[in-house]
Amino acid sequence: MTAPVPISLDVNGERVDAHVLPRLNLADFLREHLKLTGTHVGCEHGVCGACTVRVDGEIVRSCLMLAVQMHGASVETIEGLSDSGEVADLQAAFRDRNALQCGFCTPGMLIAAQDLLKQNTEPDREQIRQHLSGNYCRCTGYQAIVDAVESTARARIGRRS
Amino acid sequence: MTVASANPALSELDRPNSYIGKVVPRPNLERLMQGRGLYVSDMELPRMGHVLFLRSPHAHAKIVGIDAIEARHMPGVIAIVTGQELGAVITPWVGVLSHLKGLKSAPQNAIAIDRVCWQGEAVAAVVATSRALAEDAAEIVRVEYQELEAVTDMRTALNPETPVIHPSLGDNLAFERNLDAGTVDAAFAESDEVVEADFIFGRHTGVTLEPRAVLADWNAAEARLTIYQGTQAPHMVQNIAALHLGLEDSQVRVVCKDVGGSFGIKVHIYADEMATYALSKLLRRPIKFVADRVESFNTDIHARDHLCKGRIGLKRDGTIMAFEIDDLTGIGPYSMYPRTSAIEANQVVNLVGGPYVTRNYRARARVVFQNKNVMCQYRAVGHPIACSVTEGLVDLAALKIGMDPVEIRRRNLIADDAYPCVSPSGLRFELLSHHAAMTKLLAMMDYDRLRAEQAALRKSNIHRGIGIASFIEVTNPSAAFYGVGGARISSQDGVAVRLDAQGSVICQTSITEQGQGSESLTAQIVGSVLGVSMERVRVILGDTDNTPYGGGTWASRGAGIGGEAALQAAKVLRKNILDVAAAILQSSPGELDIVNNAVVNASGGSPRIELRELARIVYFRPDTLPPGIQPELMATRHFVPREYPFAFTNGVQASWLEVDTDTGFVKLLRHWVVEDCGTIINPQLVDEQIRGGVVQGLGAALFEKCIYDERGQLTNANMADYLVPMSGEMPDIDVGHVVSPTSETELGAKGAGEAGTAGAAAAVANAVNDALRPFGAIITEIPLTPQVILTALGRI
């Protein structure tokens with residue numbers, strides 16, 4: 001084992017200083033060191049999308065990033081996006097459409113969906129399905145999620161116009 | 001036919017502001033959406049150790065020796081424990097039930113002793129202060145194995161030259177069931193056509209997004225074990241843990257917080273979970289086990305691995321004369337505990353031919369041991385196999401006589417007015433609606449238009465197919481499922497409801513929540529009966545210390561059984577509230593009602609007293625009540641079905657898809673389901689259960705397979721190689737309903753959790769064969785991978 005490495009980063013708007021082992025991945029750092037357990041670990045090999053977070057504005061799989069790579073970075077998790085209200089309308093749409101059952105994929109799904117809606121204000125169902133196709137949900141069969149994202153996009157356009 | 005409620009006594013539910021039949025959001029979704037749920041994998045306790053199980057790389061091997069001397073001195077290591085050492089605190093078990101006659105299995109240990117029987121079986125537990133440190137130490141534990149011949153092919157498992165995995169059992173046959181109903185030989189002799197096929201079902205697994213997770217906390221001072229576990233059956237876990245750790249049930253508390261998916265995967269007792277309970281007791285501290293994804297693939301139960309020879313006889317007019325099946329399944333080296341691994345094959349025997357009129361049915365099912373991971377009950381146990389075999393045969397029969405697949409079903413499905421009736425395998429059907437469901441399905445999918453579109457597209461070399469699958473589903477199981485076989489798995493559920501001191505309602509139920517909506521349906525029922533708004537009903541589930549005793553949520557039983565208990569408990573509380581209200585108001589209970597959180601005049605509805613005020617008087621000023629009045633603002637009721645062993649439901653599914661005959665890829669275009677689960681408590685929750693279930697069936701149909709090599713090595717134990725349905729490949733799914741409530745309960749609800757999975761693969765397989773009809777290719781194997789399709793087309 002190598003010695004811990006000091007890192008400084010911004011997590012959900014708060015400065016965090018920590019000493020981490022080089023092998024520690026970002027998902028485990030968020031969950032075990034910062035106790036931000038909304039970032040879920042489903043496969044630990046970058047396939048399921050449950051650990052999706054935002055790093056410097058881009059969505060990443062936190063199980064495929066190392067904590068040491070986060071030095072100087074800005075990390076946003078579902079807790080931060082919830083508290084800022086950025087995804088409040090998306091969450092409301094998920095609730096109204098029952099677009100979650102066990103909820104384990106939901107934080108990652110919401111972050112991936114918000115990423116799409118920032119890039120494309122008017123995605124069609126096919127585009128929604130494609131953008132979310134890296135996020136595994138075993139419960140819903142996806143249709144309710146697609147519906148919720150679609151209705152959020154429409155509502156946001158309506159609010160703008 | 002949309003059956004009107006057959007339950008006139010539903011008056012308590014059929015009230016103004018009733019939540020029954022309404023779409024209302026599930027309570028407490030905010031918590032999950034904000035990442036503020038509490039899954040077992042999130043939990044930490046003081047002095048908690050993490051266990052990593054060192055697992056066998058061999059499918060079958062003798063354990064010659066385990067050298068952990070050096071590893072014990074690695075940083076953070078708390079203990080390294082072998083099976084022998086753990087045997088001091090936990091006893092082995094045998095997964096059999098007496099009603100499955102002849103079922104046998106061998107004693108299984110929490111951690112293997114002397115011998116491993118599948119790749120992935122635990123041989124030692126490495127406990128450390130973190131999972132990472134446990135993994136470091138595990139790397140230098142040296143286990144010496146002597147490899148033994150692995151029994152992997154179920155087709156040769158019973159051959160005399162094949163080694164017997166458990167010599168004490170005499171052979172590799174775990175269970176066999178034979179059924180011969182009606183006059184099968186004569187029926188085949190009288191048939192104009194007889195069609196046979198071999199159906200092959202891939203072994204697959206549940207892939208819950210949160211892996212299995214358990215945190216066991218033995219308090220040596222209290223002599224009490226608290227188990228935090230994502231389980232569907234807390235009281236079952238309590239009983240089994242106590243039994244094998246030498247404790248009373250009262251010394252074990254099972255707490256089930258949020259669960260990241262279950263689907264039957266988390267209704268069993270796994271060896272590594274038993275080992276975790278035992279390690280906590282042995283090491284006198286909290287021990288946490290969270291499976292990683294590779295472990296999940298190697299140790300979460302697998303399901304479905306069946307080879308089923310099917311035969312159907314029919315007349316030229318389409319009359320089905322007889323069904324016959326010979327089913328073979330390999331379940332791994334042990335029958336799972338405590339539900340056993342014979343149930344799926346047993347269900348296949350029960351269910352084949354179930355939607356149809358013919359009385360002639362012969363079946364044989366054999367369940368064999370093999371050196372692969374254990375198999376057991378996963379969502380829709382046995383149904384996808386029975387449905388695929390039955391509906392595959394019916395389609396092949398229709399093809400043989402040149403009849404439309406819908407027409408042959410029309411001529412053979414049990415008539416909607418023929419109930420109650422009994423199937424050839426002895427299943428009792430109270431009230432099903434096959435024809436009504438088919439009529440509705442055809443309208444939803446616009447069958448004739450779709451057929452025309454299919455024909456038109458054929459001309460431009462586009463090959464689309466329509467597949468239909470009728471099905472029945474076992475729900476609301478009584479004690480006939482497990483209890484009669486000696487398993488201490490409760491088939492009854494209990495609900496306690498009380499009015500708190502501010503007029504809100506607290507409801508404790510023995511059913512559990514894994515996302516199906518148990519909490520919501522309970523609150524909807526209780527709120528409706530009591531006249532209390534849902535946001536004032538708090539539901540507590542998943543804690544053996546704080547809920548009535550009951551079965552939990554599995555086998556599509558939560559709404560039908562737990563919901564009825566909630567209804568009956570709420571009725572008692574309602575009566576008790578009105579009795580007190582009458583005393584306070586100098587009225588009579590019959591003149592009062594509860595609406596919108598207040599007692600009102602039954603006629604006219606004018607408000608009399610808020611529940612909040614009534615509760616204040618009862619709890620804080622009982623001195624002001626008339627003499628002799630002792631309010632009981634808490635009521636408990638239990639329920640179990642007694643009349644019918646199972647409340648059967650029915651439905652029909654249709655798939656519309658396109659096969660690329662050059663690449664073998666299948667594109668799912670649309671899927672339709674009509675099902676009949678009786679009274680619908682929350683249409684949105686039912687529809688989403690159906691959709692989620694369908695997609696699990698679609699995964700089995702097209703993608704999912706645990707691929708073992710001939711030495712018993714699982715070669716695709718990761719999510720990159722084991723394919724699951726993702727949003728990009730899934731179609732939109734239209735869901736419709738026919739409503740035939742069960743008269744066994746006042747609520748009238750049957751289960752809906754497994755209907756989607758039951759018929760989805762059959763519909764897809766029939767649709768693929770329909771698409772490939774011009775090529776003369778017939779496939780009776782799932783998953784329908786490009787390789788399977790191109791092979792059938794003779795392209796590879």
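# Close-up views of a predicted two-chain model

**View 1. Ala113(A) sits in helix H4 of chain A.** The model shown here and in the views below is predicted. Ala113(A) counts as buried because it has 27 C-beta neighbours inside 10 Å. Leaving aside residues up to four places away in sequence, Ala113(A) touches Leu90(A), Leu132(A) and Val149(A). His131(A) is 18 residues from Ala113(A) along the chain, and the two C-alpha atoms are separated by 7.5 Å.

**View 2. Helix H1 of chain A, residues 26-33, is mostly covered.** Of the 8 residues in this helix, 6 are buried. The buried residues of H1(A) are Leu26(A), Ala27(A), Asp28(A), Phe29(A), Leu30(A) and Arg31(A). Strand E2 of chain A, residues 14-20, is included in what covers them. Just after H1(A), Lys35(A) takes a positive phi of about 60°.

**View 3. Asp28(A) is part of helix H1 of chain A.** Asp28(A) counts as buried because 23 C-beta neighbours lie inside 10 Å, and the cut-off for a buried residue is 20 or more. Thr140(A) is 112 residues from Asp28(A) along the chain. The C-alpha atoms of Asp28(A) and Thr140(A) are separated by 27 Å.

**View 4. Domain 1 of chain A meets domain 2 of chain A.** Chain A is divided into domain 1, residues 5-81, and domain 2, residues 87-160. The centres of the two domains, taken over C-alpha atoms, are 22 Å apart. In the contact, 14 residues of domain 1 of chain A face 13 residues of domain 2 of chain A. On the domain 1 side, strand E3 (52-55) and H2 of chain A are the elements that give two or more residues. E3(A) supplies the largest share of that side, 3 residues. By class, the domain 1 side has 7 nonpolar, 6 polar and 1 charged residues.

**View 5. Chain A is in contact with chain B.** The contact takes 41 residues from chain A and 41 residues from chain B. On the side of chain A, the elements that give two or more residues are helices H2 (78-84), H3 (88-97), H4 (106-119), H5 (125-131) and H6 (143-160) of chain A. H3(A) provides the largest share of this side, with 4 residues. The residues of chain A on this side divide into 18 nonpolar, 17 polar and 6 charged.

**View 6. Domain 2 of chain B touches domain 3 of chain B.** Chain B is divided into domain 1 (8-37 + 492-639), domain 2 (40-148 + 211-259 + 265-299) and domain 3 (302-479 + 643-792). Between the centres of domain 2 of chain B and domain 3 of chain B, taken over C-alpha atoms, there are 36 Å. The contact joins 25 residues of domain 2 of chain B to 27 residues of domain 3 of chain B. Helix H7 of chain B, residues 293-299, gives 5 residues to the domain 2 side, the largest share. The domain 2 side has 15 nonpolar, 9 polar and 1 charged residues.

**View 7. Helix H8 of chain B passes helix H9 of chain B in a right-handed crossing.** The axes of H8(B), residues 343-351, and H9(B), residues 383-401, come within 8 Å and cross at roughly 35°. H8(B) makes the contact through Gln347(B), Val348(B) and Leu351(B), and H9(B) through His383(B), Ile385(B) and Ala386(B). The residues of this contact divide into 4 nonpolar, 2 polar and no charged.

**View 8. Val126(B) is among the residues with the most contacts inside the largest nonpolar core.** This core has 314 residues. In soluble globular proteins, nonpolar side chains tend to be buried together. Not counting residues up to four places away in sequence, Val126(B) touches Val51(B), Leu52(B), Leu54(B), Ala71(B), Val77(B), Ile80(B), Ala134(B), Ala137(B), Ala138(B) and Val141(B).

Terms used: Residues are numbered from 1 along each chain as its sequence is written. Chains are lettered from A and ligands numbered from 1 in the order in which they are written. This is a predicted model: local features need pLDDT of at least 70, side-chain atom pairs count only at pLDDT 80 or more; totals for chains, interfaces and linings use all residues. Domain bounds come from an automatic or database domain assignment. Two residues are in contact if their C-beta atoms, placed from the backbone, lie within 7 Å. Ala, Val, Leu, Ile, Met, Phe, Trp, Tyr, Cys and Pro count as nonpolar, Asp, Glu, Lys and Arg as charged, and the others, Gly among them, as polar. A nonpolar core is a set of buried Ala, Val, Leu, Ile, Met, Phe, Trp, Tyr and Cys residues joined through C-beta atoms within 7 Å. A residue is buried if 20 or more other C-beta atoms lie within 10 Å of its own, exposed if 12 or fewer, and partly exposed in between; C-beta atoms are placed from the backbone. Axes are lines fitted to C-alpha atoms, for helices over the stretch in contact, and angles run from 0 to 180 degrees between N-to-C directions. A crossing is left-handed if the near helix is turned anticlockwise from the far one by less than a right angle, and right-handed if clockwise.
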